[in-house]
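Hi everyone, thanks for making time for this one. Let me put the structure up, and then we can walk through it together.

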Amino acid sequence: MLYKNEGYMAGANLGHWISQYGKKSHDHFRRYITAADIERIASWGMDHVRVPVDYYIFEDDDKPGIYREDGLIYIDNCLEWCKGSGINMVLDLHHAPGFFFGDGEKNSLLENEAMQKRYINIWRFFSERYQNEGENLTFELLNELVTKSSEPWNDLWVRTAAEIHAVNPSRKIIIGGNYWNSASELKNLYVSDNPRIIYTFHMYHPMIFTHQGASWMENTRRYKAVVEYPVNTELHKDFYGGSIPDSEKGIFDKSSLERVLRPAFKFINKNKRPLYCGEYGVIANAPQDSAIRWCNDLADLLLSYGIGRAVWSYRGFSNITDENNNVTNVDYVKAVSKK
């Protein structure tokens, strides 16, 4: 039996729009993603978009609890575009007060009661603002938890979900686990008996392939070799100082992907609950034929368990569209749109 999250089976992240946008201005927000982009995504057969949002686009640190319409308008617009194109939307709080997945020990959300109150209030505000939306909108409470213990997060998300459901009893809520939403950390999440709770993980294994040449990580920035998929691990021992984790007989291939995903499959079999892969993808400078093979293999494995997914990202990182927002490879689009 498949435990599917219907309506959220194949989608795309709208990364670098109203999250992780650097010092870009409202001109960027107005132009980077438009109604035409949502129409294009729907035309590929995708059924949803995941919209990463940084809190400071609508709330200032010196004015907590005052939510600015000049930032909220982009969320509102995207929701209307999605409804107009017949697809759904995940609202993902990518950067929350006191938490960003790249800040490590600087994060204070799980220890600071004032930050937790701000965080819960944001989600209660969204619950009230979008109270009349139906299955077309799902809330994702936090992106890529990074903390020593999952217990404080289990406490916070349960409290937050209760506040949301006090206003919106039917709202679906997505919850991710520790260490950047690793599949292996799903086992440490509290599993609610509420069917409106959906659990999520992210998938970028092996990083030597999916993030080859990535400038923001020292090991990938320094390693200059081109990496093909399936990965011949004997060619890349210098990167890991040995064999690639989860590889077998010197090759990381579809069977290796299956081994990485086993904790997710085990979670489904044990808890009889749907899972969602909120991020996956291959960096644009990777060989395109290899990227397509990896995406097809991953899609086959996820779909065999009814796991929906959203590629990172419609613009930026991946090779779906170029810097001018033109589609680069139709076969890549087909692979990430597969349902």
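Predicted model: local features only at pLDDT ≥ 70, side-chain atom pairs only at ≥ 80, totals over all residues.

Now the overall picture. The C-alpha atoms fill a box of roughly 55 × 40 × 40 Å along the principal axes. A compact globule of 339 residues would have a radius of gyration near 20 Å, and the chain's 19 Å agrees with that. Of those 339 residues, 57% count as buried. If you take contacts between residues at least 6 apart in sequence, 73% of them join residues at least 24 apart.

Cys 82 counts as buried, at 1% relative accessibility. Cys 277 is in no disulfide either, with the sulfur of Cys 295 the nearest at 10 Å. Cys 277 is buried too, with a relative accessible area of 0%.

My last stop is Glu 185, in the loop between helix H6 (178-181) and strand E7 (197-203). This residue is buried yet has no salt bridge. The nearest side chain of opposite charge is Lys 187, 4.7 Å away. What does the Glu 185 side chain make a polar contact with? That would be the side chain of Asn 188, at 2.9 Å. Beyond its neighbours within four places in sequence, Glu 185 is in contact with Ser 150, Gly 177, Asn 178 and Tyr 179.

Technical notes: Residues numbered from 1 in each chain as written. Heavy atoms only, no water. Buried < 20%, exposed > 50% of the residue type's maximum accessible area, 1.4 Å probe, protein only. Disulfide = S-S within 2.5 Å. Helix = DSSP H or I, 4+ residues; strand = E, 2+ residues; numbered from the N terminus. Lys, Arg positive; Asp, Glu negative; His and termini not counted. Salt bridge = Lys/Arg side-chain N within 4 Å of Asp/Glu carboxyl O. Polar contact = N/O pair within 3.5 Å; in protein donor to acceptor, adjacent residues only side chain to side chain. Contact = heavy atoms within 4.5 Å. Rg over C-alpha atoms; globule rule 2.2 N^0.38 Å.
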